[in-house]
Amino acid sequence: MNLNVSNSFGFTCRLLRKQCDNAQTSKRTAEDLVDLLKSLNAKEKLLLSKYFCQLPLSVGSFRVLRQLQKLRILTATEYICSIENDEQLELILIEFLQNENELLINLFISAHYDSVNMLRLNNILVNALKNLFTALAVNPKISSLSYVEPLCKSLPDDVLLNVCIQMHLNCLLELHVAADISLAFQHLSAWINEGVDELIFIKRLTDKLLVRHQEQALSHLFKVSTSTSFKYWKFYIILLQSIASAANADTTTFIKKYLKNRLLHAATLRCQLTLLHLLLTARAAAANTMNIQQNLDNYAKWYKQNIGEMSYVLSTEQFQVVLNMLEDSIHYEQEIDYVEIHAAIAISPGGKLVQSYKTKCKAHLARLKLARKQNDIINC
């Protein structure tokens with residue numbers, strides 16, 4: 001095997017740099033470079049890839065990198081891992097997300113399969129997505145998220161599900177921290193409205209990225225949100241609402257089944273946090289239309305079927321456990337509409353425990369209405 005450097009290697013490097021420095025190039029010049037690249041031996045390919053990584057970033061650099069990747073001389077992963085300057089990395093990833101789908105696809109694949117560079121690539125991609133989503137939260141028009149569809153078409157299923165989708169969901173969740181679950185009860189409706197009216201990129205993203213993977217996305221959200229240290233309630237609620245509003249029949253059935261199992265889980269574990277998670281999840285999933293009253297009706301229907309009739313699926317002991325936890329949870333409730341539903345809907349088969357819970361619901365409802373009235377007077 002000939003591993004000497006040919007006389008034409010210097011010319012190849014000069015032509016490569018010239019193409020990097022030009023935004024566009026003629027078909028003939030591009031073909032000349034490809035012919036030269038194809039003629040390189042193994043040593044020359046290695047030297048050329050190192051040379052390219054040392055060149056300053058220029059207007060045609062990514063076009064040339066696509067060609068090098070296509071010819072298996074240098075991949076986007078190898079190029080990215082050669083860069084040590086964080087600011088330069090950030091600029092490159094912005095360009096990848098905006099215009100360089102082929103190069104971005106290579107990074108996601110390597111983030112799953114490349115055991116040597118996996119950790120660094122995951123960190124790089126996470127930082128890039130967080131920067132993008134933070135900017136989109138301020139100005140939803142800065143990106144059309146055009147990279148998402150090519151990822152969905154080109155990534156292997158295991159990469160798409162275990163890296164790409166989970167990474168997107170985690171980055172979105174971490175946009176806002178609310179460690180106290182009481183904040184979720186206080187702001188649930190406001191957060192949902194913000195997600196629908198202002199954070200419109202969430203809907204675009206979930207429609208494009210999750211349309212064929214709604215159940216897998218929900219499974220991930222349900223899993224991470226049940227951790228006792230979970231603190232990302234705002235975007236959990238927004239994402240759940242967004243997925244539920246686009247849910248197909250199978251996804252709707254999946255959500256209903258999860259909520260039924262979650263109630264049984266709460267009763268078995270005697271865990272109030274599990275019950276609170278159930279109530280928030282049911283409300284976000286019920287808010288699947290643009291009509292507020294319809295969303296409340298959806299929740300009322302769920303509450304009647306699952307809480308009002310829970311004695312048909314729970315043991316007597318479990319029934320009493322859930323009622324006691326519901327009563328202990330009343331102080332979390334800050335939205336009048338939901339407390340009215342709880343106060344109005346009968347819980348079969350009645351009895352002293354049910355009556356006690358309902359009485360406390362009505363008393364809490366009266367306090368909330370009085371507080372709202374006083375607040376209205378102050379703001380007049």
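Let me begin with Asn 306, which, leaving aside its neighbours within four places in sequence, is in contact with Lys 260 and Leu 263. Please bear in mind throughout that this is a predicted model. Asn 306 belongs to helix α17, which covers residues 292–308. Is this residue buried or exposed? Its relative accessible area is 7%, under the 20% limit, and therefore Asn 306 counts as buried.

Helix α17 also leads us to helix α20, residues 352–379. The buried residues of α20 pack against α17, and likewise against α18 (316–328) and α19 (336–344). Which residues of α20 are buried? They are Val 354, Tyr 357, Lys 358, Cys 361, His 364, Leu 365 and Leu 368.

With 28 residues at 1.5 Å a residue, α20 should span 40 Å, and the computed separation of its end C-alpha atoms is 41 Å, so the two values agree.

I turn now to a pair of helices. Two packed helices are described by the angle between their axes and the distance between the axes. For helix α10 (residues 157–173) and helix α12 (residues 200–209), the axes come within 12 Å and cross at roughly 170°. An angle over 145 degrees counts as roughly antiparallel, and therefore α10 is roughly antiparallel to α12. On the α10 side, the contact is made by Leu 160, Cys 164, Ile 165, His 168 and Leu 172. On the α12 side, Phe 201, Ile 202, Leu 205 and Leu 209 take part.

Next, Met 118, which lies in helix α8, residues 118–138. Its relative accessible area is 31%, between the limits of 20% and 50%, so Met 118 is described as partly exposed. Leaving aside its neighbours within four places in sequence, Met 118 is in contact with Ser 110, Ala 111 and His 112. Thr 29 is 89 residues from Met 118 along the chain, and their C-alpha atoms are separated by 36 Å.

Finally, the annotation. An unreviewed UniProt entry carries the annotation "domain: Fanconi anaemia group A protein N-terminal" over residues 13–369. Across residues 13–369 the model has 75% helix and 0% strand. The end C-alpha atoms of that stretch are 76 Å apart.

Terms used. Residues are numbered from 1 along each chain as its sequence is written. This is a predicted model: local features need pLDDT of at least 70, side-chain atom pairs count only at pLDDT 80 or more; totals for chains, interfaces and linings use all residues. Side-chain values use heavy atoms; hydrogens and water are left out. Helices (H or I, at least four residues) and strands (E, at least two) are DSSP runs, numbered from the N terminus. Buried means under 20% relative accessible area, exposed over 50%, partly exposed in between (1.4 Å probe, protein chains only). Contact means heavy atoms within 4.5 Å. The expected span of a helix is 1.5 Å times one less than its number of residues. Axes are lines fitted to C-alpha atoms, for helices over the stretch in contact, and angles run from 0 to 180 degrees between N-to-C directions. Angles under 35 degrees count as roughly parallel, over 145 as roughly antiparallel, 65 to 115 as roughly perpendicular and the rest as oblique. UniProt positions are given in the numbering used here, feature names are shortened, and annotations may be inferred rather than shown by experiment.
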